[in-house]
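Thanks for coming, everyone. Please look at the screen while I talk you through this one.

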Amino acid sequence: MYFFKNEFIPAHDVHISPNDRGYYFGDGIYEVFRVYHGELYECDAHMDRLERTASEVKLTLPYTREQFVSMLRELISRNSLLEGTVYLQITRGEAPRAHPFPQTAEPVMLAYCNEVPRPLATIQQGIRAITQPDIRWLRCDLKTLNLLPNVLAKQAALDFGVQEVILHREGIVTECSASNLMIVSNGELLTHPANNLILHGITRMVVLRIARSLGIPAREEAFTTDDLLQAEEAFITGTTMEITPVVQVDGRPIASGTPGPVARQLQAEFERTFAK
């Protein structure tokens, strides 16, 4: 079951108008919520980000926070989802193609569930990555539908036979095609500041909170691709990837080329945040 235009309907009854601004402009926003044990994980943090993105792109949300959460929980229930994700998308609405905001269009909302098991193999074994210049726009903190640069980066990873692309701006690492990045350097956790150049990841936020609670020094500070290659550990964080070690970058191993102790400690504590 999908939620589309104010009702729960089967997937085959969802019809997107060719005049939807999300279709021809990417004029819309989205969120991906993780579901563990049939419950939304860090729901308030996701809703905070949704509301902030909507405000920044001047898109009026069609429901209150309470209505959104009620709808999402009903969607999870109707799909009997225990472990997976909920995708939520809101476009500015349907109107003849023109760049200015339409005066009368109403936002169009779509939401659906996916069964997504935890990626336990990659969490344990780690992944390989390559680096590429970050060619995206300068508002990467907004979770909008304009993801073509991310799509191209992810495809480049697959073309190279690796799992992720680490992006950098003139040698300063920002994040990845679909995740945030952290390194351990001199026993300290480093990740790019949550400014306009990266998405303010929910899992990133949780990991920083966990690290500080465990007494692991953690700073939001930019680092270079050279710092990355010389790091003691590296790992990505994301809603679906959780905390996944990066064991090789551009064909070079990170430290020993195996997941490190800080990542393992954070993984164990992260699991406790949603364990029953």
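Predicted model: local features only at pLDDT ≥ 70, side-chain atom pairs only at ≥ 80, totals over all residues.

Now helix 2 itself. It runs over residues 43-56, which makes 14 residues. How far apart should its ends be? At 1.5 Å a residue, the span should be 20 Å. The end C-alpha atoms are 20 Å apart, so the two values agree.

Which residues of helix 2 are buried? They are Cys 43, Ala 45, His 46, Met 47, Arg 49, Leu 50, Thr 53 and Ala 54. Note that Arg 49 and His 46 are on that list. What covers them? The cover includes three strands: strand 3 (28-36), strand 4 (39-40) and strand 5 (84-91). It also includes helix 3 (65-78) and helix 6 (202-213).

That brings us to helix 6. Run the length check again. Helix 6 has its own buried residues, and they are Ile 202, Thr 203, Arg 204, Val 206, Val 207, Leu 208, Ile 210 and Ala 211. Just after helix 6 comes Gly 215, with a positive phi of about 80°.

Next, a residue on the outside. Gln 125 lies in helix 4, residues 120-125. Is Gln 125 buried or exposed? Its relative accessibility is 58%, and exposed means over 50%, so Gln 125 counts as exposed. Which residues does Gln 125 touch, beyond its neighbours within four places in sequence? It is in contact with Val 247 and Pro 259. Val 247 is 122 residues away along the chain, yet the C-alpha atoms of Gln 125 and Val 247 are separated by 8.4 Å.

Now zoom out to the whole chain. The protein chain has eight helices and 15 strands. Its radius of gyration is 19 Å, close to the 19 Å that the globule rule gives for 276 residues, so the chain is as compact as a globular protein of that length. The C-alpha atoms fill a box of roughly 55 × 45 × 30 Å along the principal axes. Of the 276 residues, 50% count as buried.

Contacts next. Take those between residues at least 6 apart in sequence: 71% of them join residues at least 24 apart.

Last, the surface and the charges. The accessible surface comes to about 13,100 Å², and 52% of that belongs to carbon and sulfur atoms. The chain carries 26 positive and 34 negative charges, and their mean positions are 1 Å apart.

Conventions:
Residues numbered from 1 in each chain as written. Heavy atoms only, no water. Helix = DSSP H or I, 4+ residues; strand = E, 2+ residues; numbered from the N terminus. Expected span 1.5 Å × (residues − 1). Buried < 20%, exposed > 50% of the residue type's maximum accessible area, 1.4 Å probe, protein only. Contact = heavy atoms within 4.5 Å. Rg over C-alpha atoms; globule rule 2.2 N^0.38 Å. Areas by Shrake-Rupley, 256 points an atom, 1.4 Å probe, with all protein chains shown as cover. Lys, Arg positive; Asp, Glu negative; His and termini not counted. Charge placed at Lys NZ, Arg CZ, Asp CG, Glu CD.
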